[in-house]
Amino acid sequence: MHVLVNFVLADNHLLGSASNNIAVIPAGTTYALGNNLGFPGAAPITRLEIVIQVGASNRHVGHPPALANVVIEPSTYDHGWVGDVAGELINNDSHLTLEGAQYSAVILDAAGDVLGGGSGSSYGSPLPPGTREIFKLSNGGFKDILVEKAASALVSAIPTWQTSAA
C-alpha cells in the first residue's frame, strides 16, 4: 500500500508532501502512520490530503504481534520535549518465531488530536513463541512535541515471521 500525505495551506497550495509504503495492514485493523516533514518556521497548514493506493490484497499470513507497556519518554537532552516512544514487543504466536518488526507511532494530546509521529524497527535476536523484547522509536517528529501535551501513543507493528527453521 502506498500512502501520500499532502500538507495544504489556506489558499489550497501545497507546502509539502510525504509518502510511505506500508507492507501489510491486516483486514479490520487500524494503522497508526507516524512520520514527519520539516518546514522552515511555523507552517500554517490548514488541512491534510491523504491519497491511499492499495497495491494488492493477499491471503492472511500471520498476525500482528502484541505490544504492551507503551510509554512516551522525555528526551534525555531536554526533558520538556518527547524523546521517544517505547514499549514491549511480544511474540504472541504459539508456533512461529518473530524475527523483528517495523513500527509506526502517532502521539495524541488529551483530546485525541494528533501532535506528531515517528517510526522505527527492531531486528535483534529472534523471539521464540511467548517471549518479548523492548522497542524504542526515536525517528521522526517526536522531538517537536512538548511532553506536557503528549497524553498517549498509538503504535502499529508490521512483523517479520520466520517461515522456516534456520
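Select D84 first: with a relative accessible area of 12%, D84 counts as buried (buried is under 20% relative accessible area, exposed over 50%, partly exposed in between, with a 1.4 Å probe and protein chains only). The model is predicted, so local features need pLDDT of at least 70 and side-chain atom pairs pLDDT 80 or more, while totals for chains, interfaces and linings use all residues. Residues are numbered from 1 along each chain as its sequence is written, and side-chain values use heavy atoms, without hydrogens and water.

K136 and D84 form a salt bridge at 4.0 Å, N to O (a side-chain nitrogen of Lys or Arg within 4 Å of a carboxyl oxygen of Asp or Glu). K136 lies in strand β8 (residues 132-137) and D84 in strand β5 (residues 82-90), so the pair ties together parts 52 residues apart in sequence; strands are DSSP runs (E, at least two residues), numbered from the N terminus. Include E73 as well: salt bridges with shared partners join E73, D84 and K136 into one network.

The structure holds five salt bridges. Among them, select R47 and E49, whose closest N and O atoms are 3.5 Å apart; R47 is partly exposed at 37%, and E49 is partly exposed at 29%. Then move to K143 and D144, paired at 3.9 Å between the closest N and O atoms; both residues are exposed.

Technical notes:
Helix = DSSP H or I, 4+ residues; strand = E, 2+ residues; numbered from the N terminus.
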